[in-house]
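Good morning, colleagues. Please look at the model on the screen while I describe its packing, its disulfides and its pockets.

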Amino acid sequence: MSRRPGYAVALVAALTLLLSGCGLGPGPGAEVEVVGRTFLSTGVTEDGRPRDLVAGSRVRLTFDDGQLSAQAGCNTMFAGYRVEEDVLRVDSLGGTEMGCPEELMAQDAWLVELLESGPVLALDDATLTLTGAGTVLTLLDREVADPDRPLVGPRWQVDSLVTRDAVASVPGQAEATLTFRDDGTVEILGGCNQGSAPYTYDEREGTLVVGDVVMTAMACEDERGELEDAVLGVLRTGALTVEIVGPSLTLTAGDRGLGLRAGEDGAGS
């Protein structure tokens, strides 16, 4: 019996569709879909009932190339992972060993149990769902849930000082802020004095150059002066590397840097 010329093509297409429908094609939870992404929790249910996370806490999952990082409000946990037919397989989770309130420690343990149970992954655009042992954890892509702030606009408050590989908190109760304005100047509250400087920001390259800094000249021998010296030492270095992740800004120059967090909008022209 003769067959029409398009018969073979149609048969191949039909077989491809059939195999795809049987789950032999890539599924919504395939590793390629989550690798390089961070997700933040938006809700949890257990046996169909809502489970409240500890107030002020949030589950955070980051899928790097074969490595999973997980947080639930206290320690950072990490392990190798793989996705097999939409099931998340996690090696034994290790992590930091910070002492936290008992309720946060219990929440860490709950997350470890869920991740090591082999939960099923389902990814719908920016929404990731983990389902296992009666628990459904729903998360949203970090870039949607907590997008990167622009450099210009927020009042950035210094909350950490970076020296080589160490990160230290701001000394005492001293405060320092940077506000980048859209006219090309940055307003500086150094901790003791205040002032300003011109700046040039290359967003594509992630570099910032701060020009001559002009400050008031009050003498501060306490922790405010210590913070100001650290802030101005970084700003006067020259070219700075800029990294913005959500509400966090990091400015680094060689082995020194500043960690800042976005506050209220303080920009203007």
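Predicted model: local features only at pLDDT ≥ 70, side-chain atom pairs only at ≥ 80, totals over all residues.

L208 touches L151, F180, Y199, T200, Y201, G238, A239, L240, V242 and L251, leaving aside residues up to four places away in sequence; a contact here means heavy atoms within 4.5 Å. Residues are numbered from 1 along each chain as its sequence is written, and side-chain values use heavy atoms, with hydrogens and water left out.

L208 belongs to the largest nonpolar core, which has 30 residues. By nonpolar core I mean a set of buried Ala, Val, Leu, Ile, Met, Phe, Trp, Tyr and Cys residues joined through side-chain atoms within 4.5 Å. Buried means under 20% relative accessible area, exposed over 50%, and partly exposed in between, with a 1.4 Å probe and protein chains only. V158, I188, L208, L235 and L251 have the most contacts inside this core. Which element gives the largest share of it? That is α5, with five residues. Helices (H or I, at least four residues) and strands (E, at least two) are DSSP runs, numbered from the N terminus. Another core, of 26 residues, lies apart from the largest one, and F39, A70, M77 and L121 are among its members.

I turn to the disulfides. A disulfide is counted for a pair of cysteine sulfur atoms within 2.5 Å, and by this rule there are two. Counting bonded cysteines along the chain, their pattern is 1-2, 3-4.

C74 lies in the loop between β4 (67–71) and β5 (76–84), and C100 in the loop between β7 (94–95) and α3 (102–116), so the pair ties together parts that are 26 residues apart in sequence. C74 has 11% relative accessibility and therefore counts as buried.

In the other disulfide, the sulfur atoms of C192 and C220 are 1.6 Å apart. The link of C192 and C220 is also right-handed, with 60° about the S-S bond. This pair links distant parts of the chain, 28 residues apart: C192 is in the loop between β14 (185–189) and β15 (194–202), and C220 in the loop between β17 (214–215) and α5 (223–235). Both cysteines, C192 and C220, are buried.

D222 is also found in the loop between β17 and α5. Is D222 buried or partly exposed? With a relative accessible area of 38%, D222 is partly exposed. From C-alpha to C-alpha, D222 and C192 are 9.2 Å apart in space, against 30 residues in sequence.

Finally, the pockets. On a 1 Å grid over the protein atoms alone, a pocket is an open set of points where a 1.4 Å probe fits, with protein on both sides within 12 Å along at least five of seven lines; lining residues have an atom within 4 Å of a point. The largest pocket is lined by 14 residues, of which R60, Q71, T76, S248 and R261 lie nearest its centre. β3 (60–63) and β4 are the elements that give two or more residues to this lining. The residues lining the second largest pocket include R60, Q71 and C74.
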